[in-house]
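Hello,

Here is the structure I promised to pass on to you. Have a look at it first, and then read my notes below.

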Amino acid sequence: MGAVLSACCIGTLSTLGLIGARDAPETASFTFSRGTTFDVGQEQELREYLARLAADARIAILLSGHTGTRGDQQANIALSRSRAQAVALIAQDLGISQDRIRIAATGNAQPLPRPAGLSDREYQSMLARVTVSTQVVR
């Protein structure tokens, strides 16, 4: 009986977000094909991810926009900001309040390591992304 009662209480506390909640920061990246147009399927994945985050008002998000390593630095910063702002609008549309969202525009300053055998075109495409980082605010 005690084990059943414990399991019942733990399940209830978890449902209430008191234990077992998503306290560890997490990061996810979503890629763009060009400009502020998402790669195929990425916007839907982003929406599903953000909808899950919207359910917990304790979670704040940092949206970091990135570009490829080519081109003018100022143009890349502007493009990375536009990408992060596009994601912020989707987050707000899904119920994440503006005070829970921060934006960073990194341009081409934080490229990912280039996997062996990847063409330059594939590598540059992989770099065009927004990274969503979470933090639990207490």
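A pocket is an open set of points on a 1 Å grid over the protein atoms alone, where a 1.4 Å probe fits, with protein on both sides within 12 Å along at least five of seven lines. This is a predicted model, where local features need pLDDT of at least 70. Residues are numbered from 1 along each chain.

The largest pocket holds about 360 Å³ of space, a volume being the space filled by probe spheres set on the points. It is lined by 15 residues, of which S33, R34, Q124, S125 and A128 are the closest to its centre; lining residues have an atom within 4 Å of a point. Strand 1 (27–34), helix 3 (73–93) and helix 4 (120–127) each give at least two residues to that lining. Helices (H or I, at least four residues) and strands (E, at least two) are DSSP runs.

Now for the helices. Helix 2 (residues 42–54) and helix 3 have axes, lines fitted to C-alpha atoms over the stretch in contact, that come within 10 Å and cross at roughly 50 degrees. On the helix 2 side, E43, L46, R47 and L50 make the contact (heavy atoms within 4.5 Å), and V87, I90, A91 and D93 do so from helix 3.

Enjoy exploring!

Notes. Predicted model: local features only at pLDDT ≥ 70, side-chain atom pairs only at ≥ 80, totals over all residues. Heavy atoms only, no water. Axes fitted to C-alpha atoms, helices over the stretch in contact; angles between N-to-C directions.
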